Amino acid sequence: LETISVDWQGVDGKLLTLEVLTSDDLQSWSHAGNAVLLKTSNDNSSILQNTISLDSPTEARYLQVRTTEGNSTGFNLTKANAEYSKVQSIAPELVLQDIEFLERSEDTKNGLVNIDFESAGHFPASYLQIKLPQNNTITNTTILVRNNTNEPWEYLTTASVYRLMQQGKSFTSPDVVLSPTVARYWRLQFNLSSGGIGAQNPSLSLGWLPSTVVWNARGQAPFTLHV
């Protein structure tokens, strides 16, 4: 249940503060929400605020509605409807695009390993999925981008990444969250002093949440849509 709409008699033209409690055994009660109700009218208009939104959805068996201030004299609750949404919002599935491994270079002087990738399109990356090649790897990586080979690398973020195997189960680090970024070249830089990467190369995928575009076409066909 998500909301409660109520009808009542008395206490017209005044703000009425209510609290909702929930219980499964009529013994232990928990706070579930507050609301201010108002019912007033005159010859020209009327105002009715009779909805209580719970702090969070509840499946409790019992609901208790009670006044919280001393202005409830004459208040008589006559009806209550508990409501819930029949349609649940579902987060869209992340779109992932693998990008091509380009080259690996090592800066032995500074103890760095650079692994470069090239994107085949202008993808609005908000997530990076880094798959490490070997089990029991825990390391840090610095993520850099650029659009042309003659440009300097631009720092984006640093992330901790891992791939562990315990009791027959594999555990991997979550996707790296970014501000939306479009870039052609991507670099994962590993420092040997913080774990390194080993002899094999990781893979890299760009991720983003899809958007829905709705448009209304006017005039004569054919139409061209630019997004």
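Is tryptophan 215 buried or exposed, and what is its relative accessible area? Tryptophan 215 is exposed, with a relative accessible area of 53%; exposed denotes over 50% relative accessible area, buried under 20% and partly exposed in between (1.4 Å probe, protein chains only).

The views show a predicted model, in which local features need pLDDT of at least 70, side-chain atom pairs count only at pLDDT 80 or more, and totals for chains, interfaces and linings use all residues. Residues are numbered from 1 along each chain as its sequence is written, and side-chain values use heavy atoms, with hydrogens and water left out.

View A. Val213, Trp215, Leu225 and Val227 make a nonpolar surface patch of about 460 Å². Such patches consist of residues with over 30% relative accessible area and no salt bridge, with nonpolar side chains (Val, Leu, Ile, Met, Phe, Trp, Tyr) joined within 5 Å and like charges within 9 Å. A salt bridge is a side-chain nitrogen of Lys or Arg within 4 Å of a carboxyl oxygen of Asp or Glu. Areas follow the Shrake-Rupley method with a 1.4 Å probe; for residues, only the protein chains shown count as cover. Tryptophan 215 is located in the segment after S17.

**View B. Edge-to-face pair of phenylalanine 101 and phenylalanine 117.** Two aromatic pairs are found in a search of the whole structure. In the pair of phenylalanine 101 and phenylalanine 117, the ring centres are 6.1 Å apart and the planes stand at 75 degrees, so the pair is edge-to-face. Rings of Phe, Tyr and Trp (its six-membered ring) pair if their centres lie within 6.5 Å; planes under 30 degrees apart are stacked, over 60 edge-to-face and the rest tilted. Phenylalanine 101 belongs to strand S9 (residues 100–107) and phenylalanine 117 to strand S10 (residues 112–118), 16 residues apart. Strands (E, at least two residues) are DSSP runs numbered from the N terminus. Phenylalanine 101 is partly exposed at 34% relative accessibility, whereas phenylalanine 117 is buried at 1%.

**View C. Stacked pair of phenylalanine 123 and tryptophan 208.** The ring centres are 5.3 Å apart and the planes at 10 degrees, so this pair is stacked. Phenylalanine 123 lies in the loop between S10 and strand S11 (125–131), and tryptophan 208 in strand S17 (residues 203–208). Both residues are buried, phenylalanine 123 with a relative accessible area of 19% and tryptophan 208 with 15%.

**View D. Open antiparallel sheet S5-S1-S7.** Three strands form this sheet in the order S5-S1-S7. Strand S1 (residues 3–9) and S5 pair in the antiparallel sense over three bridges; pairing requires at least two DSSP bridges between two strands. Threonine 3 stands opposite serine 53 in S5.

Terms used. Helices (H or I, at least four residues) and strands (E, at least two) are DSSP runs, numbered from the N terminus.
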